[in-house]
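Q: Can you walk me through this structure? I would like to start with the overall layout and then look at single residues.

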Amino acid sequence: MKYDYLIVGSGLFGATFAYKAKKAGKRCLVIDKRPQLGGNVYCENIEGINVHKYGAHIFHTNNKKVWDFVNSIVEFNRYTNCPVANYKGKLYNLPFNMNTFYQMWGVKTPAEAVAKIEEQKAEAVAALNGREPQNLEEQALTLVGKDIFEKLIKGYTEKQWGRSCTELPAFIIKRLPVRLIFDNNYFNDKYQGIPEGGYNKLIDGLLEGIETKTSVDFFKEYKDNWREIADKLVYTGAVDEYFDFKLGKLDWRTVSFQTRVEDTPNFQGNAVVNYTEREVPYTRVIEHKHFEMFGQAVYDCPKTVVSEEYSTEYKDGMEPYYPVNNDKNNALAEAYRQLAEKEKDVIFGGRLGTYKYYDMAPVIEIVLNMDI
Ligand SMILES: Cc1cc2nc3c(=O)[nH]c(=O)nc-3n(C[C@H](O)[C@H](O)[C@H](O)COP(=O)(O)OP(=O)(O)OC[C@H]3O[C@@H](n4cnc5c(N)ncnc54)[C@H](O)[C@@H]3O)c2cc1C
């Protein structure tokens with residue numbers, strides 16, 4: 001039996017592609033090397049809670065077409081991301097807004113907050129003595145001043161990159177927006193939320209009626225013979241792996257998680273708490289139930305699941321999460337993309353297949369705009 005498409009990877013790119021292809025009357029087979037479908041949005045149910053196994057995922061977009069599309073598969077809830085930062089036991093709201101400035105300095109009006117920030121920025125600019133900022137630390141100090149940098153940016157950034165802020169290039173931080181209103185909503189997008197019942201519902205809805213196989217590695221089972229079973233290949237695995245790393249290996253950054261069940265209904269009172277001091281080894285603690293349970297529902301579920309997130313240096317065999325956008329990797333990725341363009345009947349897509357970081361909504365938008 002011949003398929004129109006063999007789709008490698010059941011993440012949001014592969015699953016949305018399969019959905020559209022099916023609607024267009026095409027036959028698809030979707031394979032994934034993991035034991036489950038969904039790619040990085042897959043959730044594992046622990047104690048009745050959807051646990052984001054491959055990292056916390058919050059859907060947000062300004063694109064009504066994408067929002068309507070995902071809501072046509074499963075309705076999204078009202079989750080609004082309002083992370084909190086913990087610095088040496090004191091809590092600050094994020095993103096930087098009037099609540100943060102009140103907590104930091106006791107200022108109550110936008111004018112007082114601006115005066116405080118400008119005073120600290122001026123100190124940093126004066127310290128540079130007319131030079132341009134040479135590193136991330138100097139850059140950040142000129143953008144927001146000493147208090148915000150030291151309490152909310154420095155340690156977190158150093159843990160993320162595994163390097164001191166004075167060793168990181170200035171260009172990593174171009175802007176550090178401050179909000180002069182009392183608004184803890186992290187995203188500026190018009191729409192955000194989590195699928196009611198979890199991301200697996202979204203994936204199941206997209207893949208309904210489509211043939212799927214899990215625990216199947218394309219390179220072991222189909223690389224040499226896929227043309228015998230399908231006319232076209234949609235490949236969302238790593239682009240360098242497809243070409244047998246012949247130009248070299250692309251670098252990745254990764255994150256590791258330590259997940260545990262806590263015997264309390266409410267551990268930290270928020271889905272996301274960032275730990276911004278360097279001495280605490282993890283960057284964030286995620287309490288998964290708060291993505292989907294609100295009000296009394298938090299207490300109706302007697303336990304809770306929390307994950308500590310650690311920025312980890314990538315080694316072979318780990319999950320490739322974030323592309324490393326330095327000159328070496330950008331050039332190598334471009335060389336692979338050129339090879340990919342010449343590959344007949346193969347569509348390379350998604351974050352691994354293009355070596356580009358995409359949020360979920362842009363991945364869906366790309367597929368919705370494709371001719372299938
Ligand atoms: C830690 C983390 C947190 C994130 N948080 C957010 C967020 O809050 N909001 C947001 O909008 N976006 C977030 N994202 C981005 C989001 O994960 C991506 O947009 C989305 O995963 C892209 O889907 P994809 O299909 O390209 O990739 P994936 O979901 O990674 O799917 C690729 C699939 O291909 C499979 N595969 C690879 N190689 C093979 C092979 N050889 N054979 C068979 N199968 C194979 C993999 O097993 C995987 O299932 C986050 C990403 C990360 C890494």
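What follows is a chat about the model shown above.

Q: What kind of model is this?
A: It is a predicted model, in which local features need pLDDT of at least 70, side-chain atom pairs count only at pLDDT 80 or more, and totals for chains, interfaces and linings use all residues. Residues are numbered from 1 along each chain as its sequence is written.

Q: Which domains does the protein have?
A: Domain 1 covers 3-76 + 192-251 + 323-368, and domain 2 covers 95-172. These bounds come from an automatic or database domain assignment. The centres of domain 1 and domain 2, taken over C-alpha atoms, are 38 Å apart.

Q: How many helices and strands?
A: The protein has 14 helices and 16 strands. Both are DSSP runs numbered from the N terminus: helices are H or I with at least four residues, strands are E with at least two.

Q: What are the spans of the C-alpha trace?
A: Along the principal axes of the protein they are about 70 × 55 × 35 Å.

Q: And how much of the protein is buried?
A: Of its 372 residues, 36% count as buried. A residue is buried if 20 or more other C-beta atoms lie within 10 Å of its own, exposed if 12 or fewer, and partly exposed in between, with C-beta atoms placed from the backbone.

Q: Which residues have the most contacts inside the largest nonpolar core?
A: They are Leu6, Ile7, Val8, Ala18, Ile203 and Ile364, in a core of 60 residues. The largest share of this core, seven residues, is from helix H1 (residues 12-23). A nonpolar core is a set of buried Ala, Val, Leu, Ile, Met, Phe, Trp, Tyr and Cys residues joined through C-beta atoms within 7 Å. In soluble globular proteins, nonpolar side chains tend to be buried together.

Q: What does Ile203 touch?
A: Not counting residues up to four places away in sequence, Ile203 touches Ser10, Ala15, Leu37, Gly38 and Val41. Two residues are in contact if their C-beta atoms, placed from the backbone, lie within 7 Å. There is also a second, separate core of 20 residues, which includes Met98, Phe149, Tyr156 and Leu168.

Q: New topic: which residues are closest to the ligand?
A: Gly9, Gly11, Gly39, Gly55 and Gly350 are the closest of the 34 residues that surround the ligand. A residue is near a molecule or strand if its C-beta atom, placed from the backbone, lies within 6 Å of it. H1, helix H8 (218-221), helix H13 (350-354) and helix H14 (360-368) are the elements giving two or more residues to this shell.

Q: Where is Asp147?
A: Asp147 is in helix H6 (residues 146-161). Asp147 counts as partly exposed because it has 14 C-beta neighbours inside 10 Å. Leaving aside neighbours within four places in sequence, Asp147 is in contact with Met104 and Gln120.

Q: What about the peptide bond from Leu94 to Pro95, cis or trans?
A: That bond is cis, with omega near -15 degrees. Pro95 is in the loop between strand E7 (90-93) and helix H3 (98-105).

Q: What is phi of Ser215?
A: Phi of Ser215 is near 55 degrees, a positive value in a residue other than glycine. Ser215 is in the loop between strand E9 (211-213) and H8.

Q: Is Ser215 buried or exposed?
A: Ser215 is exposed, because 10 other C-beta atoms lie within 10 Å.
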